[in-house]
Amino acid sequence: EITGAGASKGGWWGWSDGKHALEALFAAGKVAAAGRRGFERLYDLPDRVIPARVLAMPTPAPEDAQRELMRIAARALGVGTEKDLCDYFRVRIGAGRHRIRELVETGELIPVKVEGWPQPAYVARDAKSPRKLDARALLSPFDSLIWERARTERIFGFRYRIEIYTPLANRKYGYYVLPFLLGDRLVARIDLKSDRGNRTLLVQGAHLEPGARANTVAEPLMHELVTMASWLGLEKIKVTRRGDLANMLRSTNV
């Protein structure tokens, strides 16, 4: 296994010549991603990473691969516009539009109109609508549910931005803020920090979303914080007073 070799160029994300070469080989299928070491991708030969039965399969034509990616995206998203479906796997909009039209012609995608959306949308033919959602999760800024910020705002009315690179004085919610999903709504935002020296998960801010109620959000949120503290190897949770959910969260025992 190897990582990108050589000194990086430019800022944090500047690639070395070795990294450029490895990424070119990765794009060509000559090396595969074997894992990660922190933020570094580990590369290895494909036959030591990918199962032999997969390597033995024929390479699909680009159009066939794009159609399958559109099918997967439609199942994952539930409902989506052309841009939503294409963005899920970063398929170019021109090619993706052709594949979507083909899947509509075969009946695999069904055009629908979503109230409040100016663009037409699509659902998979076999899509099912659950009667109830019991989801409960703290979402990473890179979670697929909120990755495409415009879609998140369109569906949930939830405007989300990472404020890591925002000067402290200009931050609205905090440095590293995780949205909290409860049922089918994004109901809160939590600014978290791991204080490993004191084995404590710091809740530096707890902000309730409009329309959400603190007495229904605090307990399930605290359960998720306990779970997060556990897998981080932290023993305590400390909630500051910042945010309109903080006081209720501080008084919650689970």
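The structure is a predicted model, in which local features need pLDDT of at least 70 and side-chain atom pairs count only at pLDDT 80 or more, while totals for chains, interfaces and linings use all residues. Residues are numbered from 1 along each chain as its sequence is written, and side-chain values use heavy atoms, with hydrogens and water left out.

## Overall features

The chain contains 8 helices and 9 strands; these are DSSP runs numbered from the N terminus, helices being H or I with at least four residues and strands E with at least two. Taken along the principal axes, the C-alpha atoms fill a box of roughly 60 × 50 × 35 Å. Of the 254 residues in the chain, 34% are buried (under 20% relative accessible area, with exposed over 50% and partly exposed in between, for a 1.4 Å probe and protein chains only). Contacts are heavy atoms within 4.5 Å. Among contacts between residues at least 6 apart in sequence, 51% join residues at least 24 apart.

Helix H3 spans residues 62-77, and its 16 residues reach 22 Å from the first C-alpha to the last, close to the 22 Å expected at 1.5 Å a residue; the expected span is 1.5 Å times one less than the number of residues. Its buried residues are Gln66, Arg67, Met70, Ala73, Ala74 and Leu77. Seen down the axis of H3, these residues fall within an arc of 125°, so they line one face of the helix; the arc is that of the directions from the helix axis to the C-beta atoms. An α-helix has 3.6 residues a turn, so residues three or four places apart point the same way.

The buried residues of H3 pack against helix H4 (82-88), helix H5 (93-105), strand E3 (109-112), strand E4 (121-124) and helix H6 (149-156). Within H3, Gln66 counts as buried because its relative accessibility is 19%. Leaving aside residues up to four places away in sequence, Gln66 touches Val91, Ala95 and Arg99. Just after H3, Gly78 takes a positive phi of about 85°.

In H6 the buried residues are Arg149, Arg151 and Thr152. They cover an arc of only 160° around the axis, which puts them on the same side of H6. The cover over these buried residues includes H3, H4 and strand E7 (185-195).

## Pocket and cavity

Both kinds of space are found on a 1 Å grid over the protein atoms alone: a cavity is a set of points where a 1.4 Å probe fits but cannot get out, a pocket is an open set with protein on both sides within 12 Å along at least five of seven lines, and lining residues have an atom within 4 Å of a point. A volume is the space filled by probe spheres set on the points, which are joined across faces, edges and corners.

| Space | Volume | Lining residues by class |
|---|---|---|
| Largest pocket | About 730 Å³ | 15 nonpolar, 4 polar, 7 charged |
| Largest cavity | About 40 Å³ | 6 nonpolar, 1 polar, 2 charged |

In these classes, Ala, Val, Leu, Ile, Met, Phe, Trp, Tyr, Cys and Pro count as nonpolar, Asp, Glu, Lys and Arg as charged, and the others, Gly among them, as polar.

The largest pocket is lined by 26 residues, of which Ala76, Leu77, Gly78, Pro130 and Leu133 are the closest to its centre. H3, E4 and H6 are the elements that give two or more residues to this lining, and H3 supplies the largest share, 4 residues.

There is 1 cavity of 30 Å³ or more. The lining of the largest cavity consists of Pro141, Tyr160, Arg161, Ile162, Glu163, Gly174, Tyr175, Tyr176 and Val177.
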